[in-house]
Amino acid sequence: MLTNLNFQAPYIEMTNLNNLWFQITGFICNLKCKHCYLSCNSTNKTRNFLNLDKIRKTLDQVNKKTLEEIYLTGGEPLLHRDINNIIRYCIKYADVNIITNGTLINDKKARFLRQIEIDNDYEIIFRISLDHYKEQKNDDIRGKGSYRKTLSGIKSLINNGFNPVINAVNLWQEDESQFREGFFDFLSQFNFEPSEINLKITPPVKTGEFAKNFSVYNENDLVTVESLKKNNCSLKNFDCYNTRVITDDGVYACPALVNDPRGKTGETLADSANKFFLELNACFSCQQANKKLFNNEWNL
Ligand code: SF4
Ligand code: SF4
């Protein structure tokens, strides 16, 4: 029997950094979702916010020829008091993705950010978490009232010319094509044309609150050289292949691991070309999905 003591984990040596994430608000969030794999909430201060100076210094070191997208995440990145300046700075380098629950977006905010986008060559892409198109199911996970606030944020974005990507975790193990159809029908009411690209459905990462409230990985939920072959998985489909996350506590391999010291690849981006072994249980979710859990996939 395979145990986590004797398996052979594959590894990644990142050659090109295409996706650069900044965890700008640590684990602070205005929601407290039951499935949050990072256990974010309004009081989790275990990581400091990232300041603009660190973001500037990081972008100075990046190879601009290979950089494709920047992502701002947390917690809830729109809680950063310097968010507008951070977006203004990052958008000089690449498209800026804002990974948000959407509850803090209103017409004024959307109009303001749309103007920043118009004034620059790159885009602002909103990735909005909404787990279910039915209010009760969504709010059971994300908190009462969150559905209406998120929906209001989505409408403000659409009204101001944005085309957000909706991000849902299929917690109910609903048939994926029916789940997708349900979202398509629902979102079509709002002058929004959902497609495979702007509706991202992912399996859960079973750490943090998810592990407390739902289930944990089994001991043998691991990625091995053999399991990759068996499942016809390419490491190129895994986010860590071309991604790093800058946090106030150094650099991490991917957004799933920013709360796990084993996910740290070093203090600086320069350390990040070292081999990174995919030996954590969270890696099993990437193998299950066999697609990028976090980065956009524009070429579907
Ligand atoms: S899942 Fe997202 S919105 Fe919910 S608590 Fe975590 S960071 Fe906040
Ligand atoms: S969780 Fe996924 S993206 Fe993160 S290091 Fe493991 S395989 Fe890579």
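Biologist: Where is N232 found?
Modeller: N232 is in the loop between α8 (225-230) and β8. Keep in mind that this is a predicted model.

Biologist: Is N232 buried or exposed?
Modeller: N232 is exposed, because 7 other C-beta atoms lie within 10 Å.

Biologist: What is phi of N232?
Modeller: Phi of N232 is near 55°, which is a positive value in a residue other than glycine. Most residues other than glycine have a negative phi.

Biologist: What about N191, where is that found?
Modeller: N191 is in the loop between α6 and β7. Phi of N191 is near 60°, again positive in a residue other than glycine. N191 counts as exposed because it has 9 C-beta neighbours inside 10 Å.

Biologist: Which residues does the cis peptide bond join?
Modeller: The cis bond joins G74 and G75, with omega at about 15°. G75 sits in the loop between β3 and α2 (83-90). Most peptide bonds are trans.

Biologist: Let's step back. How many helices and strands does the protein chain have?
Modeller: The protein chain has nine helices and 11 strands. The C-alpha trace spans about 55 × 45 × 40 Å along its principal axes.

Biologist: And the radius of gyration?
Modeller: The protein chain has 18 Å, which agrees with the value near 19 Å that a compact globule of 300 residues would have.

Biologist: What share of the residues is buried?
Modeller: Of the 300 residues, 40% count as buried. As for contacts with a separation of 6 or more, 75% come from residues 24 or more positions apart.

Biologist: Now the strands. How many residues of β2 are buried?
Modeller: Five of the five residues of strand β2 (residues 19-23) are buried, so β2 is largely enclosed by the rest of the structure.

Biologist: Which way do the residues of β2 point?
Modeller: N19, W21 and Q23 point one way, while L20 and F22 point the other way, and all are buried. In a regular strand the side chains alternate between the two faces of the sheet.

Biologist: What does β2 pair with?
Modeller: β2 pairs with β3 in the parallel sense over five bridges, and F22 stands opposite L72 in β3. Four bridges also join β2 to strand β8 (residues 243-247), again parallel. There, N19 has T243 as its bridge partner.

Biologist: What lies along the path between β2 and β3 in that β-α-β unit?
Modeller: Helix α1 (residues 52-61) does, and the unit of β2, α1 and β3 is right-handed.

Biologist: Back to L20. How far is L20 from T243?
Modeller: They are 223 residues apart in sequence and 5.8 Å apart in space, C-alpha to C-alpha. L20 counts as buried because it has 24 C-beta neighbours inside 10 Å. Setting aside neighbours within four places in sequence, L20 is in contact with V62, L67, I70, R244 and I246.

Biologist: And Y71, where is that found?
Modeller: Y71 is in strand β3 (residues 69-73). Y71 counts as buried because it has 26 C-beta neighbours inside 10 Å.

Biologist: What is Y71 in contact with?
Modeller: Leaving aside neighbours within four places in sequence, Y71 is in contact with N19, W21, N97 and I99. Two of the names, N19 and W21, also came up among the buried residues of β2.

Biologist: Last topic, the ligands. How many residues surround ligand 1?
Modeller: 13 residues surround ligand 1, and the closest are C29, C33, C36, C40 and N101. That shell divides into six nonpolar, four polar and three charged residues.

Biologist: And which residues surround ligand 2?
Modeller: Among them are C240, C254, C283 and C286, along with F238 and D239. The shell around ligand 2 has 11 nonpolar residues, no polar ones and one charged.

Notes. Residues numbered from 1 in each chain as written. Chains lettered and ligands numbered in written order. Predicted model: local features only at pLDDT ≥ 70, side-chain atom pairs only at ≥ 80, totals over all residues. Near = placed C-beta within 6 Å. Nonpolar A, V, L, I, M, F, W, Y, C, P; charged D, E, K, R; others polar. Rg over C-alpha atoms; globule rule 2.2 N^0.38 Å. Buried ≥ 20, exposed ≤ 12 C-beta atoms within 10 Å, placed from the backbone. Contact = placed C-beta atoms within 7 Å. Pairing = 2+ DSSP bridges. Right-handed = clockwise from strand over helix to strand, strands pointing away.
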